[in-house]
Every structure is written in structure tokens, then in C-alpha cells.
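Biologist: I would like to learn how to read a model like this one. Can we go through it feature by feature?

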Amino acid sequence: MIYMWLIVIAFAAVVATALWYSKAENDKYMLKFLSLLLWGATIMVFVDHAIGYLTEGSEFLDMSIDAVVLGFVMVLGALILWEIALLLKDPKQVIRRRPSPR
């Protein structure tokens, strides 16, 4: 069963990968990490639903509004993890400013 949320998260993974690839030389905003998070979730969901489809033989496509909302919630979860990693790395030294030499 391929849920609409699988399509939403796969689309987000494609967009994140394109953004990372266009900025690959200077990846200070960790777009590679975001891309890997989204692709990992996409592969995990696809394998889970493929096995469910093969063992249970349920419907193939779920286009309900709940599935779309779940897709956006999963993308939001990945974005929150990415933001936490970005804040911990602090690429612009905003949180942990280094004192300027006097």
C-alpha cells in the first residue's frame, strides 16, 4: 500500500537533495544531513508498506486527507531534527560567539 505520505516525504527528499547538490561545495547548513534524513524515512516507509502489501494484499493507494497530513507531519519531524543538528553545529557562530581579540 503506497500511502500519500510516502509520496509527500519522497518529494521533500528530492527537493532537499537538489538543494544540497546545488550547494555541495559549501554545505555549511547541513543540507546533506537533511537529505539523508528524508531519504532514510522514504526508504523505511517504502519497505514497510511493500512488505505489508505483499503479506496482506491490501489496497495499493491511499489518497485520504489523513495520509497527506501525516506526510507533512513526517516532513516537519525531519525538519525539526535538522534544525536541532544545525543549532548544535552552529555554522555561523551565532549561539557560541567567539570573543574578538582586543
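Biologist: Start with confidence. What does the protein chain average in pLDDT?

Modeller: This is a predicted model, and confidence comes before geometry in our reading. The protein chain averages a pLDDT of 85. At least 70 is reached by 89% of the residues.

Biologist: Where is confidence lowest, and where is it highest?

Modeller: Strand E1, residues 2-3, is lowest, with a mean of 63. H1 is highest, at 91.

Biologist: Now the core. How many residues does the largest nonpolar core have?

Modeller: The general idea: in soluble globular proteins, nonpolar side chains tend to be buried together. Here the largest nonpolar core has 21 residues. Those with the most contacts inside it are Trp-5, Ile-9, Met-30, Leu-34, Leu-38, Val-75 and Trp-82. Helices H1 (4-22), H2 (31-56) and H3 (65-89) each give two or more residues to this core. H1 provides the largest share, eight residues.

Biologist: Take one of those. Which residues does Leu-38 touch, beyond those up to four places away in sequence?

Modeller: Leu-38 touches Ile-9, Ala-12, Ala-13, Ala-16 and Ala-78.

Biologist: Next, helix packing. At what angle do H2 and H3 pack?

Modeller: Read the angle with the axis distance and the handedness. H2 and H3 pack at about 145 degrees, and their axes are 10 Å apart. The crossing of H2 past H3 is right-handed.

Biologist: Which residues of H2 meet H3?

Modeller: On the H2 side they are Leu-31, Phe-33, Leu-34, Leu-37, Leu-38, Ala-41 and Val-45. They meet Met-74, Ala-78, Leu-79, Leu-81, Trp-82 and Ala-85 in H3. Leu-34, Leu-38 and Trp-82 are also among the core residues with the most contacts.

Biologist: What joins the side chains of Ser-35 and Thr-17?

Modeller: A polar contact of 2.7 Å joins them. Beyond its neighbours within four places in sequence, Ser-35 is in contact with Ala-13, Ala-16 and Thr-17.

Biologist: Why does Met-30 count as buried?

Modeller: Because its relative accessible area is 15%, and buried means under 20%.

Definitions and conventions
Residues numbered from 1 in each chain as written. Predicted model: local features only at pLDDT ≥ 70, side-chain atom pairs only at ≥ 80, totals over all residues. Heavy atoms only, no water. Core = buried A, V, L, I, M, F, W, Y, C linked by side-chain atoms within 4.5 Å. Buried < 20%, exposed > 50% of the residue type's maximum accessible area, 1.4 Å probe, protein only. Helix = DSSP H or I, 4+ residues; strand = E, 2+ residues; numbered from the N terminus. Contact = heavy atoms within 4.5 Å. Polar contact = N/O pair within 3.5 Å; in protein donor to acceptor, adjacent residues only side chain to side chain. pLDDT = per-residue confidence, 0-100. Axes fitted to C-alpha atoms, helices over the stretch in contact; angles between N-to-C directions. Left-handed = near helix turned anticlockwise from the far one by under 90°.
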